[in-house]
Amino acid sequence: MKYADYIEMKIPAKPEFVGITRLTLSGIASRMGFSYDTIEDLKIATSEAITNAVQHAYKGEEGEVLIGFSLHQDHLEVVVSDNGNSFDFEETKEALGPYTEKSVEFLREGGLGLYLIETLMDEVKVHQNKGITLFMTKYLEGEQVERDAETIST
Amino acid sequence: MNISIDVQEQEQQTTIKISGEIDAYTAPKLRETAFPYTEKKETNLVIDLSEVSYMDSTGLGVFVGLFKSLNANDGTMKLVGLSDRLKRLFDITGLADIMNINSGSEGGV
């Protein structure tokens with residue numbers, strides 16, 4: 001966390017503000033040098049996290065979602081936090097994943113959000129307290145390769 | 001940062017062209033507009049996504065809902081004009097194996 005630049009925004013827990021966060025994120029990520037495709041991945045993962053907070057955490061009540069961006073030299077950490085009524089993250093995650101069921105009538109209509117977050121980000125951590133805080137990390141491509149190479153050589 | 005939905009009803013098929021972003025805010029609007037067409041018997045629904053600049057799981061959820069409704073009413077659904085980005089979203093969620101998806105728009109619209 002040391003030496004990172006930090007940007008924070010707080011939005012009302014309403015779906016119409018999710019897109020505004022995407023605009024901010026695009027600006028930050030492109031400034032850091034992320035590729036077009038990675039920026040799109042970041043936009044989806046972050047939107048999913050905020051959408052979760054908006055839809056599950058408050059259930060129609062007024063609330064706010066806090067979004068923090070930690071800009072590190074080799075990675076970006078996005079933190080999405082709500083202080084609403086949390087759902088059981090692990091339990092929810094267990095029940096989700098890609099579609100494998102071929103029978104159309106049993107297809108789920110929601111719940112892909114967490115799966116996409118885990119698929120599109122490099123690291124995801126959850127802190128569950130009064131609400132849910134999601135920490136999502138994405139490495140700049142070159143750095144990621146180097147990091148992997150180091151891990152292999154040791 | 002909005003969505004526009006254009007519906008064209010023809011004899012053989014109904015085409016819905018979506019432009020803009022599909023997210024938590026616009027997905028309900030899309031569902032509302034498109035769903036009634038899926039409840040008619042034997043509808044061939046073509047959804048043109050070539051002008052969609054952003055989509056996440058809320059959009060996938062809408063398409064799953066439409067797909068299920070069409071199936072229940074002996075209809076079909078075809079998604080056309082998907083960018084590589086959108087195609088990838090359907091691939092990693094496993095929906096590409098279940099739905100009829102064509103990247104690049106079909107002729108004869």
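This is a predicted model: local features need pLDDT of at least 70, side-chain atom pairs count only at pLDDT 80 or more; totals for chains, interfaces and linings use all residues.

**The contact and the fold behind it**

Mentor: The contact draws 25 residues from chain A and 22 residues from chain B. Three helices of chain A, namely α1 (18–32), α2 (36–57) and α4 (113–120), each contribute at least two residues to the side of chain A that touches chain B. The greatest contribution to that side comes from α2(A), with eight residues. By residue type, the side of chain A that touches chain B comprises ten nonpolar, eight polar and seven charged residues.

Chain A contains five helices and five strands, and from the N terminus on its elements follow the order β-α-α-β-β-α-α-β-β-α. Five strands form an open sheet in the order β1-β2-β3-β5-β4 (chain A), and their pairing is antiparallel. At the edges stand β1 (5–12) and β4 (123–128) of chain A, each of which pairs on one side only. From one strand to the next, the twist averages 15 degrees. Strands of a sheet pair through backbone hydrogen bonds, in either a parallel or an antiparallel manner. Within this sheet, strand β2 (residues 64–71) of chain A and strand β3 (residues 75–82) of chain A are joined in the antiparallel sense over seven bridges. Phe69(A) has Val78(A) of β3(A) opposite.

As for α4(A), its buried residues are Gly113(A), Leu114(A), Leu116(A), Ile117(A) and Leu120(A). These residues are on the same side of α4(A) because they cover an arc of only 160 degrees around the axis. An α-helix has 3.6 residues a turn, so residues three or four places apart point the same way.

The interior remains to be described. The largest nonpolar core has 61 residues, of which Ala45(A) and Val80(A) touch the most other members. When residues up to four places away in sequence are not counted, Val80(A) touches Thr46(A), Ala49(A), Ile50(A), Ala53(A), Val65(A), Ile67(A) and Leu134(A). Of the 154 residues of chain A, 31% are buried. Among contacts in chain A between residues at least 6 apart in sequence, 64% join residues at least 24 apart.

Notes
Residues are numbered from 1 along each chain as its sequence is written. Chains are lettered from A and ligands numbered from 1 in the order in which they are written. Two residues are in contact if their C-beta atoms, placed from the backbone, lie within 7 Å. Helices (H or I, at least four residues) and strands (E, at least two) are DSSP runs, numbered from the N terminus. Ala, Val, Leu, Ile, Met, Phe, Trp, Tyr, Cys and Pro count as nonpolar, Asp, Glu, Lys and Arg as charged, and the others, Gly among them, as polar. Two strands pair if DSSP finds at least two bridges between them. Axes are lines fitted to C-alpha atoms, for helices over the stretch in contact, and angles run from 0 to 180 degrees between N-to-C directions. A nonpolar core is a set of buried Ala, Val, Leu, Ile, Met, Phe, Trp, Tyr and Cys residues joined through C-beta atoms within 7 Å. A residue is buried if 20 or more other C-beta atoms lie within 10 Å of its own, exposed if 12 or fewer, and partly exposed in between; C-beta atoms are placed from the backbone. The arc is that of the directions from the helix axis to the C-beta atoms.
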